[in-house]
Amino acid sequence: MTLTEIMQSIESYGFSSEVNMASGTKAFRRILRGHELVHRLAELAKQASVRAAVAQRVEELSALQIDKQYENRFDSALSAYLTVLSDTSAPDVVAKAAQAAAKAENTWWTVGLSRELVTRAIATGWSAARMSHAHTIPVRLASNADWQESIQSGFVKWMAGTIPVTVGTVTGAQILRALRTAEEKAQVPKKNNLIVMPPSEEGETLAWKPGRRRLSRHEYAKAAAAVPQRTRQAARA
Amino acid sequence: MAVIIGLGNETDNTALALATSKGARIPNSRRGELAPEQMREAVRIVMQNHAKCILRSMSSVYNCFGMAFAGRRTCIEPEHVPMILQEGGYVEVAQPAAVMTGDIVIYEYDGEISHVAVVISNTPDLTNGRSNMLVMSQWGSHGEYLHDYRDVHLSFGRPVRFYSERRGI
């Protein structure tokens, strides 16, 4: 089979019907990975040109207009392509494709897979793909809300793209670090959603507020002073 | 397998507020309907390989666990089933002959829960001493079928246990 034939088959109702027999996510991925067409595509994807074609196709399918009454008919195909790319391609290619796929409407399997791949890309520092369009930290993170819940909520909203652009130049990795630090130290002022990180391993101090540029040393000192005394004592402890 | 942060919990706007009889929250997520032509193709493939199955309904909003435990409204991942059985007051029915209408059959694939069906009838097969059990289950996103409890798609594995929520048994 040629690459075109394989991709046409993967985008057919027949392929979708076979892999959609799964009762859950794990079964779906098992069926997908065991499917002959996915094996054949993975074999061809050892060539860089094929990987590029698959990544390109992910972007095309993700941008297609669909009938919003129904599930995206390319859901299974997108998942198959992401699976092959995640097994064969460089992390930045995977991250870019996953981010494109995350924007595809009304997907069921692809939304979870793309979220995982994007999250993995951020967590491992592969955040070269543009991801500033929806980054922010939930306001609840700055209050005394449950940290774990806030972070989960923030990620869900971030991934779902329901929050407007406010971040500026802050990268996903910085956000993740800030979230982890906030969770570990609870060193966050109450008034707004300003994130104040303690000195990093490199001795750098970072203060960041969604929608604003990185703060100067003076601004940081002012912001840090606004942190309630007991919070700072708790953080030092 | 990686955990998808927040999927199916109370922050997921596709989830229903669903709980066991003891009040434990059941993570879930509602799926969209397949387009009619896609559903027809799916049903054709099922019927082609399982000719004795009887199609009951064509919806992809729920999966088999959503059919059995959530009134056909949403999808539930199989890893939540042990909690649902425990918190929902289900008890295992050890003998197939003791299984009654309304009880459920749990299937496993490679040691993991993969499918569930609701029992419609259970009669003895006098020729071999086994059970003739007619069940009803949702097959992936491909609709709901009436079928023999052993006649299922390969990915569902095989029937391993029976449970009932009947009280006083």
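Here is a friendly walk through a predicted model, in questions and answers.

Me: Let's start with chain A; how many helices and strands does it have?
Reply: From the N terminus on, the elements run α-α-α-α-α-α-α-α-α-α-β-β-α-α. Chain A therefore counts, by DSSP runs, as a chain with 12 helices and 2 strands.

Me: What percentage of chain A is buried?
Reply: A residue counts as buried if 20 or more other C-beta atoms lie within 10 Å of its own. Chain A has 237 residues, and the buried share of them is 45%.

Me: What share of the contacts in chain A with a separation of 6 or more joins residues 24 or more positions apart?
Reply: Contacts here are pairs whose C-beta atoms lie within 7 Å. Among those in chain A with a separation of 6 or more, residues 24 or more positions apart account for 66%.

Me: Which residues does A:Ala98 touch, leaving aside its neighbours within four places in sequence?
Reply: With its sequence neighbours set aside, its contacts are A:Leu82, A:Ser114, A:Leu117, A:Val118 and A:Ala121.

Me: How are H5(A) and H7(A) placed, roughly parallel or roughly perpendicular to each other?
Reply: Helix H5 of chain A, residues 48-63, packs against H7(A) with the axes 8 Å apart and at an angle of about 20°. H5(A) passes H7(A) in a left-handed crossing. On the H5(A) side the contact includes A:Val58, and on the H7(A) side it includes A:Ala97. Angles under 35 degrees count as roughly parallel, so H5(A) and H7(A) are roughly parallel.

Me: Turning to chain B, which strands are the edge strands of its open sheet?
Reply: The sheet has 7 strands in the order S1-S6-S5-S4-S3-S7-S2, with antiparallel pairing. Neighbouring strands are turned by 40° against each other on average, direction ignored. Two strands of chain B pair on one side only, and these edge strands are S1 (54-57) and S2 (91-93).

Me: Which residue is the bridge partner of B:Asp125?
Reply: Strand S4 (residues 112-125) and strand S5 (residues 130-138) of chain B run antiparallel and are joined by 7 bridges. Their hairpin has 4 residues between the strands, and B:Gly129 there takes a positive phi near 75°. Across in S5(B), the partner of B:Asp125 is B:Arg130.

Me: And which residue in S6(B) stands opposite B:Met136?
Reply: S5(B) is also joined by 5 bridges to strand S6 of chain B, residues 144-148, and the two run antiparallel. In this hairpin, with 5 residues between the strands, B:Gly140 takes a positive phi near 55°. The residue of S6(B) opposite B:Met136 is B:Leu146.

Technical notes. Residues numbered from 1 in each chain as written. Chains lettered and ligands numbered in written order. Predicted model: local features only at pLDDT ≥ 70, side-chain atom pairs only at ≥ 80, totals over all residues. Pairing = 2+ DSSP bridges. Axes fitted to C-alpha atoms, helices over the stretch in contact; angles between N-to-C directions. Contact = placed C-beta atoms within 7 Å. Buried ≥ 20, exposed ≤ 12 C-beta atoms within 10 Å, placed from the backbone. Parallel < 35°, antiparallel > 145°, perpendicular 65-115°, else oblique. Left-handed = near helix turned anticlockwise from the far one by under 90°.
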